[in-house]
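Subject: Structure handover

Hello,

Here is the structure you will be working with. Please open it first, then read the notes below it.

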Amino acid sequence: MRLILVGPPGAGKGTQAVHLAAHFGIPHISTGDLFRANIKGETELGKLAKSYMDAGNLVPDSVTNAMLEDRLTHADTAPGFLLDGYPRNVGQAEFLAEVLVKKSISLDAVLELSIPNEEIIKRLSGRRVCRNCGTTSHVIFDKPKVDGVCDNCGGELYQREDDKEEVIANRLSVYSEQTEPIVAFYKNLGILKAISAVGEVSEISANAIAALK
Ligand code: AP5
């Protein structure tokens with residue numbers, strides 16, 4: 001299964017990706033997570049990405065495409081992969097198509113998660129992420145057992161810089177101007193499936209798996 005998850009910030013791509021990757025036995029590749037790991041490791045790539053991410057803008061394609069192409073050379077992608085947060089504009093979608101042609105492989109599906117903006121704002125403003133293992137929780141919808149402490153590893157939970165209200169608005173306009181056109185791109189290729197991202201996490205996962213069968 002070679003799959004892309006597309007949807008606005010806070011649609012639940014990361015949350016669903018964990019379930020779908022486990023279901024299909026494929027690695028979950030999130031370009032946002034790759035950038036955050038580089039920021040944590042204080043690499044040159046992380047230093048470059050940070051200013052774009054904190055402002056809610058896209059990291060330049062030259063950097064993002066090279067990072068993604070390198071990730072797809074790892075052996076764990078042989079049975080397939082789930083891309084979360086990539087591609088994020090038509091240029092990246094065209095670049096990915098070239099990479100896949102070089103590898104003589106193709107995409108099976110692109111799953112769009114749709115959700116109204118009011119719900120996105122509630123989700124992003126309450127999201128907390130573990131500084132240690134990256135697990136996501138929510139102050140209302142997915143409350144940790146102890147406030148501020150990760151259920152998975154006991155690490156400290158923090159609010160992403162780009163989950164602050166003023167940055168969320170910019171991320172939503174970046175999504176509608178730059179990312180939404182890839183939905184039409186994949187629709188034209190006949191591989192787009194769309195589901196609602198509103199409801200219980202388990203119900204959305206079941207709908208996603210049914211749509212992909
Ligand atoms: P990235 O990390 O990809 O962020 P994003 O796409 O904006 O998506 P999010 O991680 O915010 O949301 P999500 O859809 O994964 O939702 P989640 O499951 O966490 O990118 C960050 C930045 O990196 C970008 O702005 C850019 O700067 C850079 N970047 C990354 N990729 C790039 C690329 N290809 N090109 C250029 N730049 C790039 O859920 C959100 C919250 O809701 C959580 O708290 C969760 O617990 C809760 N929740 C989830 N599902 C439900 C549900 N069903 N009901 C109630 N609550 C729910």
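Pro-87 is located in the loop that links β3 and α5. Helices (H or I, at least four residues) and strands (E, at least two) are DSSP runs, numbered from the N terminus. The peptide bond leading from Tyr-86 into Pro-87 is cis, with an omega near -5°. Most residues other than glycine have a negative phi, and most peptide bonds are trans.

Before the rest, some ground rules. This is a predicted model, in which local features need pLDDT of at least 70 and side-chain atom pairs count only at pLDDT 80 or more, while totals for chains, interfaces and linings use all residues. Residues are numbered from 1 along each chain as its sequence is written, and side-chain values use heavy atoms, with hydrogens and water left out.

**Two residues with positive phi**

Glu-42 has a positive phi of about 55°, although it is not a glycine. Glu-42 sits in the loop between α2 and α3 and is exposed, at 61% relative accessibility. Here buried means under 20% relative accessible area, exposed over 50%, and partly exposed in between (1.4 Å probe, protein chains only).

Ser-104 also is not a glycine and has a positive phi of about 55°. Ser-104 belongs to the loop between α5 and β4 (109-114), and its relative accessible area of 66% makes it exposed.

**Helices α4 and α5**

Two packed helices are described by the angle between their axes and the distance between the axes. For α4 (residues 61-71) and α5 (residues 90-102), the axes come within 11 Å and cross at roughly 30°. Therefore α4 is roughly parallel to α5. Axes are lines fitted to C-alpha atoms, for helices over the stretch in contact, and angles run from 0 to 180 degrees between N-to-C directions. Angles under 35 degrees count as roughly parallel, over 145 as roughly antiparallel, 65 to 115 as roughly perpendicular and the rest as oblique.

Which residues of α4 and α5 meet? From α4 they are Asp-61, Thr-64, Asn-65, Leu-68 and Glu-69, and from α5 they are Gln-92, Phe-95, Leu-96, Val-99 and Lys-102. Contact means heavy atoms within 4.5 Å.

The buried residues in α4 are Val-63, Thr-64, Asn-65, Met-67, Leu-68 and Arg-71. These buried residues pack against β2, α2, α3 (44-55), β3 (81-84) and α5.

Ser-30 is part of strand β2 (residues 28-30). Is Ser-30 buried or exposed? Ser-30 is buried, with a relative accessible area of 6%. Its side chain reaches the backbone nitrogen of Asp-33 at 2.9 Å. Not counting residues up to four places away in sequence, Ser-30 touches Arg-36 and Asp-84.

Thr-31 is in helix α2 (residues 31-40) and is buried as well, with a relative accessible area of 3%. With residues up to four places away in sequence left out, Thr-31 touches Thr-64, Met-67, Leu-68, Asp-84, Gly-85 and Tyr-86.

**Arg-131**

Arg-131 lies in the loop between β5 (127-130) and β6 (136-138). Arg-131 counts as partly exposed, at 43% relative accessibility. Leaving aside neighbours within four places in sequence, Arg-131 is in contact with Lys-40, Glu-156 and Tyr-158. The C-alpha atoms of Arg-131 and Val-149 are 9.8 Å apart, and these residues are 18 residues apart along the chain.

Regards

Technical notes:
Polar contact = N/O pair within 3.5 Å; in protein donor to acceptor, adjacent residues only side chain to side chain.
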